[in-house]
Amino acid sequence: MIDVRLLRTDFDGVRAALARRGDDAILSSLDRARDLDVRSREIIAERDDLRAKVKSISKDVGMLRRDGKVDEAEALQADSRALGEREQTLDAEYAQVADALRTELLYIPNIPHHAAPDGASDADNPVVRGPVGLLDEYPEHQRVPHWETATDLGILDNERAVKISGAMFTMQRGAGATLARALCQYGLDLNADVHEEIRPPSLVTTATLTATGQLPKFADDAYAIERDDLWCVPTAEASLTSLYNDEILAGDELPIRVMAFSPSFRREAGSAGRDTRGMLRAHEFDKVEMLAFARPDQAPALLDDMVDRAARAVEGLGLPYRVIEICTGDMGQSHHRTYDVEVWAPGAGTWLEVSSVSWFGDYQARRGNVRFRPVGDDGQPVKGTEFVHTLNGSALAVPRVWAAIVEHYRNPDGSVTVPDALRPYMRGIDVITAS
RNA sequence: GGAGAGGUGCCAGAGCGGCCGAAUGGGACGCCCUGCUAAGGCGUUGACUGCAGCAAUGUGGUCCGUGGGUUCAAAUCCCACCCUCUCCGCCA
């Protein structure tokens, strides 16, 4: 959520920054929010004034009654009642305006970082690192899609997954299942040096999913368990971001860095049939997510570090990769600045997004009400509170890395060699062969 | 799911419908005292928000689990919901 006060102090600046996202609907929403804010403050001024009068009269009534001056007290009560009625009318109007304003603000996306590249779509995302390790041409035995190789090897059984759960669910078997779990363990171990490992709930409340920005705007993308008013997390980001909702953290304990393995559930509404072969896009997948709560001054370095970590994960597996920066027109609603790590899949013949690392500014923290007490140069807490900055990124998204491994490490005989980095987790399997 | 108890400030804990943003104790911070430490004394100690001000600040409003209601006036009365604890039931 953006700061309403910015609409008062620098409306044109906010408008210009958001215009870079290239969506006029945002700008009209911004106009409406500004008008609602003006109106709500007009009402508040009048209402609070009435409340102050009622409070003061009520005190007088109390004293008069104590002194036995019943007639005077009753006269005052009548006055107060009249004021109270007007106050109630105003209050009802305020509630309406405030609610409309809150809704408007919940839909307005984050302001892009000034250095984020301009652009209209994913076609405009610049490559900022790499490609690293990419060959000009891949030999024929690597140019086989993972769904073919994996099905032949018996490590992917999507037909039966569909029987069990319907379209766009996947199932790994045998060494394939082991490989998926090995990737999780690898992703966690790689980042345990600075992150606390957390195993958060996978079902979360509406408030939790609202804090990250998934709700209310993207309700159709998430699985809802309506009977219990819970949602399946689309990513562990959702659970982790709400870890400290409504809390005030000490400035000197920041940054707080956490990571979690979790399943991720996505309805993928509207994307059926698009990049859905094999393991490319599914309703449920596993992922290791990193997340940081930081002071604003710590955020840029953390963003760089997290991008490095995401890249290191695929680099350590020997996969060709590149890093792209997301342009203003392709940026997610809550994002302030975002980098994606992509891995080359020689069989599918495409770059696969395997990690998205983002800096959210205080956009999520404002929604979740996560604050910190700043510390001055003398080490003493400074008066007041500030919203933390949040950052997150996939440390390792299992299915697409799994797919890239099966394609990249495919041998001429159709077997798949396990990358060295994963061997400790593979129960002695160095090469996956048909069993 | 059933029965009972409870949710108050950083923590513990009191609170008659008006004098309650809230006693008291603890903690934390500052100062005093002491050679140092301990003990003791004095003081400070919430968040959000409207308006005014460059600002320090001033001045209104809101917050005693959440949301409604009664009243001139609600932490205090009424209703619903949420959460915690104990017992029972169920269960990996």
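## Pocket and cavity linings

Helix 4 supplies the largest share of the lining of the second largest pocket, namely five residues. The model is a predicted one. Two or more lining residues of this pocket also come from helix 1 (4-9) and helix 3 (24-66), while helix 4 spans 70-107. The pocket is lined by 16 residues, and those nearest its centre are Met 1, Val 4, Leu 101, Arg 102 and Leu 105. By class, the lining holds eight nonpolar, one polar and seven charged residues. The volume of the second largest pocket is about 340 Å³.

A search of the whole structure for cavities of 30 Å³ or more returns one. The largest cavity has a volume of about 40 Å³. Helix 10 (299-315), strand 11 (350-359) and strand 14 (389-397) each give two or more residues to its lining. Strand 14 gives the largest share, four residues. The residues lining the largest cavity include Ala 310, Ala 313 and Val 314, together with Val 354, Ser 355, Ser 394, Ala 395, Leu 396, Ala 397 and Val 401. Eight of the lining residues of the largest cavity are nonpolar and two are polar, with no charged residue.

The two volumes are listed below.

| Space | Volume |
|---|---|
| Second largest pocket | about 340 Å³ |
| Largest cavity | about 40 Å³ |

Key:
Residues are numbered from 1 along each chain as its sequence is written. Chains are lettered from A and ligands numbered from 1 in the order in which they are written. This is a predicted model: local features need pLDDT of at least 70, side-chain atom pairs count only at pLDDT 80 or more; totals for chains, interfaces and linings use all residues. Side-chain values use heavy atoms; hydrogens and water are left out. On a 1 Å grid over the protein atoms alone, a cavity is a set of points where a 1.4 Å probe fits but cannot get out, and a pocket is an open set with protein on both sides within 12 Å along at least five of seven lines; lining residues have an atom within 4 Å of a point. Grid points are joined across faces, edges and corners, and a volume is the space filled by probe spheres set on the points. Ala, Val, Leu, Ile, Met, Phe, Trp, Tyr, Cys and Pro count as nonpolar, Asp, Glu, Lys and Arg as charged, and the others, Gly among them, as polar.
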